[in-house]
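Please keep the sequence and the structure in view while reading.

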Amino acid sequence: MTTRHHERAQKTRGLAARLIGRTMLSGALACASTFVLLATSAQPSSAASPNDYLCAVGSAVQTATVSSGFANPLEVEISTTPCSAPTPDTSAVNVTFAIVGTPSASASFDTGAITSTSGFVSVSATANDEAGSYSVIATSPATANSSSPSATFSLTNSDLLFDSMTADVASYQSTDVSTAFALALAVTIDDAKGNPVPSVPVIFVAPTSGASGTFAGGSTSSYVDTDAQGVAVAPTFYANDTPGGYAVEAESSGYASAVAFAMSNDALSATTVSSVTPTVLSQGAAQVVTISGSGFQSDAQVIFSSPGIKVGSTTFVSPQELKADVTISASARVGASNVTVSDPAGSSATGEEVFTVSPLVAVAPEPLELGFSHNATRLSGVQVRTLRRFARDLSSRMSVECVGYGTTSELASERALQAARFIRSVDPRARISQRSVVSLTADRVEVEVR
C-alpha cells in the first residue's frame, strides 16, 4: 500500500514538472510575442483588457486640399463597453494609426503610436501633394479580441479647387454716407482650365469699425455661393455714417488670394434747393412735383411757405432729388412761394420764390380773338380805356407770356395777370392758354386765347 502511494506521488510530481515546464515555455513565448509587438509600436504594452472596444470619435470622413492639414484630428476612444454606449478605459492603453496599403495619395501624422490613460487618443493629419482617397486604420492590443478591434478613417486629398477669383465690378466705388452703393460687389471663380466653378461659398467682409458699411440685413459680412456661371453676387451694400475710405474683401476657402474692393463713404454736401418742376401750378391743382438740389437725406421733408399749399408725402429719389405730392387749395394766395427742405438731424435749406401759384384758369373749346383788328370783337367805353391804359403801361417792344397753366417755367407778371382778369370780364368763355401772347402796337392790343 505504501509502495503504491509512493509510485502515485512520483507520477504526480513528474506530471506537475512537465506542466510547469510547458507553462514556463508558453510564458516565454508570450513574452517574446509581446516584445515583437512593442518593438513595432515603440510603446509599452497596454495594461487594459484585450476585450476593449475601439470607437471612432468625430469626423471619420474628411477632405483636405493637397499639402494642407485636415480640419479635424483623427480621434478614437478605447471603451470597456460597446461603442453604442462607450465607457472610457482609463488604464494605460496604446493606439497606432497607419495608412492602409501604399497609396500615392497619403498623409503624415504629428505623432506615432500613443499611450493614453484617459481612454481617448487623437492625431493630426496632413495631406501629401498627391490627390486621391485612402484609409487610415487605428488599432490597439487592448481591443484585439473584441467585436470592434479597430477604427477606420476615410481621407481624401483634393486638388486646389480654384485657379482664379476675379472682381466683376470696378475696383473703386463711392457714395454718400448712409446710402447704398450703386453696384453690387461680385466675383467670378474659375478652375485651372478657365471653366466657371459653381456652388463655391464666398464670404464678403467689411471692416467692423470706422468707415465701413453693412450688407442688406445689417451685417458686415455675407456668405454667397457662386451660381452656374461661377459668379457670387453680394447683397446690396450700404455705407455707414462715417466718412472715409476702406476695403471690402471677398475670399473663399481653398483659394489663396482674396479680392479687395476699394470703397469710400463721402461726407454729405451742403443742403441746397435749386428748383421745383413744374415751376407753376394753378389754384386747386394736385400734382407730384420734383425738388432739385443737393444734400437731401432719405427722411427729408418738404414745406411750402404759402399756407394754401399742402404736402401729402415726400419721396427720396437721391441726394439731389425729391418728389413731393402737393395739393393747392382753390383759395391759395396767388404768387411766388418759398420751398424748404429739412431733415430730422436739423439740416435745412430754402429755395427763395422757386414756385408760383397762378389763378385757376380753365380751357375753352373755341378760340376767341379780342382787339382792334379786322374780324375781331369790337370793344368800347370803359373796356377800351382799360385795355389802352394797360398797353400804355407796357413797353411797345415787350411781349408778355401769361404762363402758369402748363409746363412753362417763366413767372407771369402782375400786369399779365391783370390782363387775363380783364379778358375774362369781357367774355366768360375766354381763357388764357399755356402760351398766350399780348402784342402791343400804337393802336392795337391783340390777345390770342384758347
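A nonpolar core here is a set of buried Ala, Val, Leu, Ile, Met, Phe, Trp, Tyr and Cys residues joined through side-chain atoms within 4.5 Å; buried denotes under 20% relative accessible area, exposed over 50%, and partly exposed the range in between, with a 1.4 Å probe and protein chains only. In soluble globular proteins, nonpolar side chains tend to be buried together.

The model is predicted; local features require pLDDT of at least 70 and side-chain atom pairs count only at pLDDT 80 or more, whereas totals for chains, interfaces and linings use all residues. Residues are numbered from 1 along each chain as its sequence is written, and side-chain values use heavy atoms, with hydrogens and water left out.

The chain contains three helices and 32 strands, taken as DSSP runs numbered from the N terminus (helices H or I, at least four residues; strands E, at least two). Of its 450 residues, 38% count as buried. Among contacts with a separation of 6 or more, 63% are between residues 24 or more positions apart.

The mean pLDDT, the predictor's confidence in each residue from 0 to 100, is 75, and 67% of residues reach 70 or more. The lowest mean, 36, belongs to helix 1 (residues 2–41), and the highest, 97, to strand 15 (residues 213–215). Over residues 362–379 pLDDT stays under 50, and the model has 39 contacts beyond four places in sequence for them.

The structure holds one disulfide, defined as a pair of cysteine sulfur atoms within 2.5 Å. Cysteine 55 and cysteine 83 form this link, with an S to S distance of 2.0 Å, and the -90 degrees about the S-S bond make it left-handed. Cysteine 55 belongs to strand 1 (residues 53–57), while cysteine 83, 28 residues apart from it, sits in the loop between strand 3 (74–79) and strand 4 (93–99). Cysteine 55 is buried because its relative accessibility is 5%; cysteine 83, at 32%, is partly exposed.

Two residues other than glycine have positive phi. Serine 199, with phi of about 60 degrees, lies in the loop between strand 13 and strand 14 and is exposed at 58% relative accessibility. Glutamate 353, with phi near 50 degrees, is found in strand 28 and is exposed at 59%.

Strand 28 (residues 348–358) also holds threonine 350, whose side chain makes a polar contact of 2.8 Å with that of threonine 340. Such a contact is a pair of N or O atoms within 3.5 Å; within protein, one must be able to donate a hydrogen and the other to accept it, and residues adjacent in sequence count only if both atoms are side-chain atoms.

Technical notes. Contact means heavy atoms within 4.5 Å.
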